[in-house]
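Me: I would like a close look at one part of this protein, the pairing of its charged side chains. Please keep it plain.

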Amino acid sequence: MTSKRPADSDKQRTLPAEADGGTWLPITEIGHPLLHRRCADVTEFGGGELAQLIKDMFFTMHVAGGVGLAANQVGVDLRLFVYDCPDDTGTRHIGHVLNPELVVTGEERIDRREGCLSVPGAASELSRPAGATVSGQDWQGRPVTVRGTGLFARCLQHESDHVGGVLYVDRIPAVAERDRVLRQMHDHRATVYAEREARARSLAR
Ligand code: NI
C-alpha cells in the first residue's frame, strides 16, 4: 500500500534491519494473474528461502516507497505480507504476517486516499473500517496477532485483501472512478518505474 501523505511513505525513511541482505524484486502490476486470485497458504516455515523472500520484500517495499507489500506483488504465490507503516499516533509498525486472517473492528468507517504499488502512480479516496486485527504466523510458524488503527488499520486491510486476490481498485464502488484511477496509472507508471530503478541502484549494497 502507499499513502499520499509524504510523512507516511517518506522515501528517505531509514531502511529497517528487516531489509538487510534484501534485494530489489520487480513489482507485479494490476492485470497480472497472481494479483487476482487467492494465494496459497504457507505450509513450510523457518526455511532460508522464506527468510530471504521476507528480506527482499522489505527492501523492495522501501525502494518503492510503500508502507505494505504482499508476496504476490513480487510474483510469489504465498499468503504473506510485510509492513512498515505508521499509525495515527506516529508509532512505526514493522513486521510480517503469514496466512493472515483479518477481522475489522468497530462500526466507524474512514475515507482516506489510498494507493497501491501494483497500481503505480494512482490513488483514490476509499472508505474502510477504522480498526483492524490480523492473526497469522511469523516465518517460523509462531502465532502472531497484530492490531492496527489509523493508517495502519487500512494497511492491514489492504494487504490482507492482496493475498485474497483483491486490489483496492476492486473496492471502489463507482465505475467512473475506477476508470479514472486506471487512466492516472497509465499516465504516470513510466515515471514511477524510472524512480524505482534509480532508487534501487542508489540503495544496492
Ligand atoms: Ni497494494
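With which residue does Arg79 form a salt bridge, and how far apart are the closest N and O atoms?

Reply: This is a predicted model. In it, Arg79 forms a salt bridge with Glu101, and their closest N and O atoms are 3.2 Å apart. Arg79 sits in the loop between β1 (68-70) and β2 (80-86), while Glu101 belongs to strand β3 (residues 92-114), so the pair ties together parts that are 22 residues apart in sequence. Arg79 has a relative accessible area of 4%, so it counts as buried, the cut-off being under 20%. Glu101, at 47%, is partly exposed.

Side chains of opposite charge can pair when their charged atoms come close. The protein chain carries 25 positive and 28 negative side chains, and the count of salt bridges comes to 14.

Another of these joins Arg189 and Glu29, at 3.1 Å from N to O. This pair links distant parts of the chain: Arg189 is in helix α3 (residues 175-203) and Glu29 in the segment before α1 (48-64), 160 residues apart. Arg189 is partly exposed at 27% relative accessibility, whereas Glu29 is buried at 17%.

A further salt bridge runs between Asp161 and Arg171, with the closest N and O atoms 2.6 Å apart. Asp161 lies in helix α2 (residues 150-163) and Arg171 in the loop between α2 and α3, so this pair ties together parts ten residues apart in sequence. Asp161 is buried, at 9%, and Arg171 is partly exposed, at 44%. Both residues also belong to a network of salt bridges that links them with Glu114, Arg128 and Arg154.

How values were computed:
Residues numbered from 1 in each chain as written. Predicted model: local features only at pLDDT ≥ 70, side-chain atom pairs only at ≥ 80, totals over all residues. Heavy atoms only, no water. Lys, Arg positive; Asp, Glu negative; His and termini not counted. Charge placed at Lys NZ, Arg CZ, Asp CG, Glu CD. Salt bridge = Lys/Arg side-chain N within 4 Å of Asp/Glu carboxyl O. Helix = DSSP H or I, 4+ residues; strand = E, 2+ residues; numbered from the N terminus. Buried < 20%, exposed > 50% of the residue type's maximum accessible area, 1.4 Å probe, protein only.
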